[in-house]
Amino acid sequence: MIVSRAPVRFSLGGGGTDLPSYSREHGGFLVAAAVDKFVNVCVARRFQNNIRLAYSETETVDTVEEIKHRIFKAALKMMGLERGLELHSVADVPGNTGLGSSSSFTVALLNGLHTFKREFVPAESLAREACQLEIELLKEPIGKQDQYIAAYGGITALTFNKDGSVEVERLPLRDDVIDELESNLVIYYSGVERSASAVLKEQQKTIVENKDAAVQRMHRIKELGHETKRILLAGDIDTYGEMLHEHWTNKRKLASNMADSTIDEHYEAARKAGAIGGKLMGAGGGGFFMFYVRAAERRKVHQTLLERGLRPMRFRFDFDGARIMANFHRS
């Protein structure tokens with residue numbers, strides 16, 4: 001039995017510029033952080049010569065072609081594994097909540113299957129394979145940040161070149177900066193789970209057609225990604241909180257279904273209670289909020305969001321990336 005895990009992520013600045021509709025024309029840049037919420041995949045040899053999958057549903061099939069779960073199916077075909085396997089998936093956070101859990105699952109699954117085949121795969125190859133599976137094979141309308149941050153971990157700057165290549169730079173932040181970020185960033189679950197696909201498809205269409213100066217907005221979001229890197233390296237954390245609000249207002253206008261009136265009301269209530277800035281994670285439409293709140297205002301913001309039915313989530317940053325947690329492989 002093999003236990004593989006990969007972290008989910010927070011986009012700290014520049015999120016969305018990894019989408020191919022933008023990055024292939026202009027290049028993208030963002031800063032993302034892996035956090036200590038994981039997608040875990042267990043891979044075990046099965047006595048019967050068939051395949052059993054356990055996730056939110058359970059499947060027992062005789063061939064890979066019969067599998068309903070698209071990522072399980074594509075990964076097994078990619079790895080050339082056909083029978084005699086049991087695969088389980090358990091996540092610390094629900095799917096469709098803007099934390100990139102689908103790509104974290106893909107990375108953890110591929111790492112586990114490689115380990116099952118006694119193959120070591122470095123983070124770069126693992127991220128590239130996950131992108132190939134999700135974007136090229138399954139045609140998901142997503143970018144590449146989730147796969148790379150899940151594979152590498154840490155607080156990391158990612159550059160998305162026009163040719164499709166990705167440059168990875170782990171930011172050498174001071175310990176006190178990391179501690180202050182962990183303290184001042186607060187995460188709340190909106191209670192809304194929604195697939196990012198619809199939001200991303202509209203966002204990409206808006207960028208391609210340059211509706212409402214969408215490309216110029218994306219240019220500014222990319223600049224905010226670079227500013228995020230400079231601010232964090234300088235340790236000027238309160239300035240980062242102020243920048244989050246501008247990031248939200250720019251990204252908010254890229255898709256009509258990115259937020260509804262309730263989401264906007266949650267955001268404004270947090271700001272009135274003392275949050276400097278914030279954003280919805282991922283493409284939007286629901287999922288998790290991230291707010292920047294100084295210590296003096298934290299209790300008031302917390303009480304305000306609790307009264308609105310939002311649920312807090314504690315976190316720490318994760319610097320390990322994709323890992324094999326247990327390996328009891330036998331011939």
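Reply: Here are some questions and answers about this chain. It's a predicted model, where local features need pLDDT of at least 70, side-chain atom pairs count only at pLDDT 80 or more, and totals for chains, interfaces and linings use all residues. Residues are numbered from 1 along each chain as its sequence is written, and side-chain values use heavy atoms, with hydrogens and water left out.

Me: What makes up the chain in terms of helices and strands?
Reply: There are 11 helices and 12 strands. Both are DSSP runs numbered from the N terminus: helices are H or I with at least four residues, strands are E with at least two.

Me: Why is Asn111 called buried?
Reply: Buried means under 20% relative accessible area, exposed means over 50%, and partly exposed is in between (1.4 Å probe, protein chains only). Asn111 has 8% relative accessibility, so it counts as buried. Across the chain, buried residues make up 56% of the 331 residues.

Me: Where is Asn111 found, and what does it touch?
Reply: Asn111 sits in helix α3. Leaving out residues up to four places away in sequence, Asn111 touches Ser4, Leu126, Ala322, Arg323 and Ile324. A contact here means heavy atoms within 4.5 Å.

Me: Why are α3 and α4 called oblique to each other?
Reply: Helix α3 (residues 101-116) and helix α4 (residues 123-137) pack at an angle of about 120°, with axes 9 Å apart. Axes are lines fitted to C-alpha atoms, for helices over the stretch in contact, and angles run from 0 to 180 degrees between N-to-C directions. Under 35 degrees counts as roughly parallel, over 145 as roughly antiparallel, 65 to 115 as roughly perpendicular, and the rest as oblique. That's why α3 and α4 come out as oblique.

Me: Which residues make that contact?
Reply: On the α3 side they are Ser102, Ser103, Thr106, Val107, Leu110, Asn111 and His114, and on the α4 side Leu126, Glu129, Ala130, Leu133 and Glu134. Sorted by type, the contact has five nonpolar, five polar and two charged residues. (Ala, Val, Leu, Ile, Met, Phe, Trp, Tyr, Cys and Pro count as nonpolar, Asp, Glu, Lys and Arg as charged, and the others, Gly among them, as polar.)

Me: How do you know that β3 and β4 pair?
Reply: Two strands pair if DSSP finds at least two bridges between them. Strand β3 (residues 51-54) and β4 have four bridges, in the antiparallel sense, so they pass that test. Ala54 stands opposite Thr58 in β4, and a hairpin of three residues joins β3 to β4.

Me: What makes the side chains of β4 alternate?
Reply: In β4 (residues 58-61), Glu59 and Val61 point to one face and are buried.

Me: What is the strand order in the open sheet, and which are its edge strands?
Reply: The order of its four strands is β9-β10-β8-β11, with antiparallel pairing. β9 (277-280) and β11 (311-313) are the edge strands, as each pairs on one side only. Neighbouring strands are turned by 30° against each other on average, direction ignored. Three bridges join β8 to β11, and Tyr188 has Pro312 as its bridge partner in β11.

Me: Which helices lie across those strands?
Reply: Helix α10 (residues 261-273) lies across β9 and β10, at about 20° to β10. α11 lies across β8, β10 and β11, at about 10° to β8.
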